[in-house]
Each structure stands twice: as structure tokens, then as C-alpha cells.
Amino acid sequence: MHVQLKLILDCDPDAAWRAIKSPTVLTELYGPLLQPESQEGAFPTIWGPGSHAVTLKALGLVPVGGQDIRLDFQEKRPDGVRIMHDSGAPLSGPLTLLTRWDHRMAIAPAPGDPTKTLYRDRLEISGAVAPALWYPLWSLWQWRGARMVQMAPTWAFDPERQNEDDPDANTGDAASDAPAGDDTRFDGDGSKL
């Protein structure tokens, strides 16, 4: 059985790729329904390959189970699609009754508009209880999709500053330093936001 999403997100693919690799974004996507917490101390800034154990709490209060998020990434595919694959498994709670958990998230430029993202998400599950768990997972995925569409315009990709080691590189007038048509935002002291 599977649950899937196919969405156009109002952000560029680099921003979407960084967002799906962010534990902070994961927390915001599921909130306030589910609150993921790291079993390894603090979450990293960006998920790396390997296993990451989390506990899930309903409404931030009631433990509903643990999950091993086991990640690998395909970032340099010839077709330009980037894939994050979670082949982990439930560690505790009702999802441990599943015999398969295979979650893939794909990021690509949206057809006809490379400033937007085509996001595809597919969760495959199996086991005797998969039919009973399908609808709750489908509902959660609809919530997740709606939250992604809502949050995507706030995601931005900020490339590395080229002269970060040169303290004098950004001392001019911030507004005049930006190329024409550049919508980069600056705070009051001229630093990029």
C-alpha cells in the first residue's frame, strides 16, 4: 500500500531540497499534530546520511512511538531530480506492526517554471495492519502536503557569501551593493537577512 503527494511548491528547488533535509522544517510540518524529538540529544541543523532516532508525541504531550529515520541521498542524478530516501523503521508504537516502511521524497524544477519546485513524496507500507493504518497515514500526509504548500514561500536558498573571510567585503551601502533586480533583503546594518 502507498500514500503519495505531488505538489508544486512556490520556492526554488535548492530551497526545497535544503528544507526537506532540515529537522526544523520536519517539526514545523507536523506541528501541532505531532512533535518529533531527537533521541540522540539535539537535532542536527541538516539531516545527514545514516540513522536518526526520533520519538513522536501527539500534540507535544502523548508519546505515540519512536522512529528510526534512516536516510540516504541521491543528489547528482543525470535527470536533475534529487531524492531523499528514508528506509528506516518504526521503533515503538502502533507503526511497529508494519513490516515495511519505505519513504522517498523527490525534488525537481517545476515543469515550465524552474523558479518553482515539483515535489513528489511516496510512502510505501506493508504488513497485516497496513490497511488499518493507511487512512491515518493518508490523512497525516494530506496535512503534511498542505503545510508544505503553506510554508514553501518562506523557504529561501542563501548561497554562500563569496568574501566571508574579508571583513571589509560588505562594508558599503547594502542597497547599492545589490545587483539591479536583486531582491536580496538586508537588515538595518547592511547585513543579509
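**Packing and pairing in a predicted model**

Mentor: The residues of helix H1 that are buried pack against H2, strand E4 (62–74), E5, E7, E8 and H3. The model is predicted.

Trainee: What makes helix H1 mostly covered?

Mentor: H1 spans residues 13–20, and six of its eight residues are buried. These are Pro13, Ala15, Ala16, Trp17, Ala19 and Ile20.

Trainee: Why is Asp12 said to cap the N-terminal end of H1?

Mentor: A side-chain oxygen of Asp12 lies 3.0 Å from the backbone nitrogen of Asp14. The cut-off for a polar contact is 3.5 Å, and the 3.0 Å of this pair therefore falls within it.

Trainee: Asp14 also has a partner in Arg82. What joins the side chains of Arg82 and Asp14?

Mentor: Their side chains are joined by a polar contact of 3.0 Å. Arg82 belongs to strand E5, residues 82–86.

Trainee: Why is Arg82 called buried?

Mentor: The relative accessibility of Arg82 is 15%. Buried means under 20%, so Arg82 qualifies. Beyond its neighbours within four places in sequence, Arg82 is in contact with Pro13, Asp14, Trp17, Gln74, Glu75, Met105, Ala106 and Ile107.

Trainee: Which class does Ser38 fall into, buried or exposed?

Mentor: Ser38, in strand E2 (residues 34–38), has a relative accessible area of 17%. That value is under the 20% limit, and Ser38 is therefore buried.

Trainee: What does the side chain of Ser38 reach?

Mentor: It reaches the backbone nitrogen of Glu40 at 3.0 Å. Leaving out residues up to four places away in sequence, Ser38 touches Phe43, Ala53 and Val54.

Trainee: Why is Thr24 called partly exposed?

Mentor: Thr24 has a relative accessible area of 48%. Exposed requires over 50% and buried under 20%, so Thr24 is placed in between, as partly exposed. Thr24 lies in helix H2.

Trainee: How do H2 and H3 pack, in angle and in distance between their axes?

Mentor: Helix H2 (residues 23–30) and helix H3 (residues 130–151) pack at an angle of about 115°, and their axes are 8 Å apart. The crossing of H2 past H3 is right-handed. H2 contributes Val25, Leu26, Glu28, Leu29 and Tyr30 to the contact, and H3 contributes Leu140, Trp141, Trp143, Arg144, Arg147, Met148 and Met151.

Trainee: How many residues of each class does the contact of H2 with H3 have?

Mentor: It has nine nonpolar, no polar and three charged residues.

Trainee: How do you know that E1 and E8 pair, and how do they run?

Mentor: Eight bridges join strand E1 (residues 2–9) to strand E8 (residues 113–126), and the two run antiparallel. Pairing requires at least two bridges, so E1 and E8 meet the criterion. Within this pairing, Ile8 stands opposite Leu118 in E8.

Trainee: How many bridges join E7 to E8?

Mentor: Strand E7 (residues 100–110) is joined to E8 by 11 bridges, also in an antiparallel arrangement. Ala108 stands opposite Leu118 in E8.

Trainee: What do E7 and E8 form, and which residue in the turn has a positive phi?

Mentor: E7 and E8 form a hairpin with two residues between them. Gly112, in the turn, has a positive phi of about 85°.

Technical notes: Residues numbered from 1 in each chain as written. Predicted model: local features only at pLDDT ≥ 70, side-chain atom pairs only at ≥ 80, totals over all residues. Heavy atoms only, no water. Helix = DSSP H or I, 4+ residues; strand = E, 2+ residues; numbered from the N terminus. Buried < 20%, exposed > 50% of the residue type's maximum accessible area, 1.4 Å probe, protein only. Polar contact = N/O pair within 3.5 Å; in protein donor to acceptor, adjacent residues only side chain to side chain. Contact = heavy atoms within 4.5 Å. Axes fitted to C-alpha atoms, helices over the stretch in contact; angles between N-to-C directions. Left-handed = near helix turned anticlockwise from the far one by under 90°. Nonpolar A, V, L, I, M, F, W, Y, C, P; charged D, E, K, R; others polar.
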